[in-house]
Amino acid sequence: MLALGLALLGLTTTHACSQQGQAGYHCMYNSTSGDCVHCARCFFPDNCLTNNSCAAGTAGPTCEICTTGHYRLGSVCLPCPIAPWGAVFLGGVLISVVMATIVHGFTVSLATKVKQLGHFLQFLLLSLKMRLDWPSLIAQSLVFLPSVDLNSHTFIPECFFELSIRQFYLHWTTAVVPVLVVALLAHILDKFMKRKIGRARKEEERKLRWRRRGQVRRCAMTVFVLMFSPAAAMIIRAFA
């Protein structure tokens, strides 16, 4: 762990201006005199080209910001796709879950499988967000992963619309607010179904309504659990 920490520390060490113009470094200049102040080694050296220029799709100090026409997948900037594959993948999963629910109901087994798939993909996306120099082939093969963010990033709107607000605020709002809305609606629906159970006159009707209430609760909890992790990550990032 100590060796890893020292290695990571070495990636962001600042140097004198002897590295000026070299690839793998980004230099800062005095705004008044234009003289070089210091040069920093880029965390992703391949993004920093010679003469303080950045590789295609990246910009900013140390070339870690995605430019127009690119979107961020984890720690990688990729060219915008022809379609939001994350939303397409999410739509396919939702259709499959709805069909299974119609045939068998939203059973405990189905809820468990949905949560396991969602958590696996969320951990995979979290791994991709680690600041590592991921091979482009791996990143390009995981273009469907924005689906598990369950916010505006699922649709990568920066690739298809001109946004009037910063992407971070859009992703934060669409990650946190829906969680609160789902919790509120689930509470209201549960109270409504509870009253309907109390009004049932026949035992069979009461049992049927209990089963439906259980399925609705299970569905709401599954959605809440899957949306909680991205929302928590955005809240932590906001205070980081």
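This is a predicted model: local features need pLDDT of at least 70, side-chain atom pairs count only at pLDDT 80 or more; totals for chains, interfaces and linings use all residues.
In this briefing, Ala, Val, Leu, Ile, Met, Phe, Trp, Tyr, Cys and Pro count as nonpolar, Asp, Glu, Lys and Arg as charged, and the others, Gly among them, as polar. By these classes, the lining of the second largest pocket has 18 nonpolar, eight polar and one charged residues.

**Helix 6**
- Helix 6 comprises 36 residues, 203-238, and spans 51 Å between its first and last C-alpha, close to the 52 Å expected.
- A bend of about 30° occurs at Phe228, and Pro230 follows within four residues.
- Buried residues of helix 6 include Arg213, Ala220, Leu226 and Pro230.
- The buried residues of this helix pack against helix 3 (108-128) and helix 5 (167-199).

**Largest pocket**
- The volume of the largest pocket is about 1200 Å³.
- Its lining has 36 residues, and Arg72, Gly74, His153, His171 and Arg237 lie nearest the centre.
- Strand 5 (65-66), strand 6 (70-73), helix 3, helix 5 and helix 6 each give two or more residues to this lining.
- The lining of the largest pocket divides into 16 nonpolar, twelve polar and eight charged residues.

**Second largest pocket**
- The second largest pocket has a volume of about 650 Å³.
- It is lined by 27 residues, with Leu90, Leu94, Leu150, Val223 and Leu226 closest to its centre.
- Helix 6 gives the most to this lining, with eight residues.

**Cavity**
- The model has one cavity of 30 Å³ or more, and the largest cavity holds about 40 Å³ of space.
- Residues lining the largest cavity include Tyr71, Trp85, Gly86 and Thr154.
- The cavity lining has seven nonpolar, two polar and no charged residues.

Methods: Residues are numbered from 1 along each chain as its sequence is written. Side-chain values use heavy atoms; hydrogens and water are left out. The expected span of a helix is 1.5 Å times one less than its number of residues. The bend at a residue is the angle between axes fitted to the seven residues ending there and the seven starting there. Buried means under 20% relative accessible area, exposed over 50%, partly exposed in between (1.4 Å probe, protein chains only). Contact means heavy atoms within 4.5 Å. On a 1 Å grid over the protein atoms alone, a cavity is a set of points where a 1.4 Å probe fits but cannot get out, and a pocket is an open set with protein on both sides within 12 Å along at least five of seven lines; lining residues have an atom within 4 Å of a point. Grid points are joined across faces, edges and corners, and a volume is the space filled by probe spheres set on the points.
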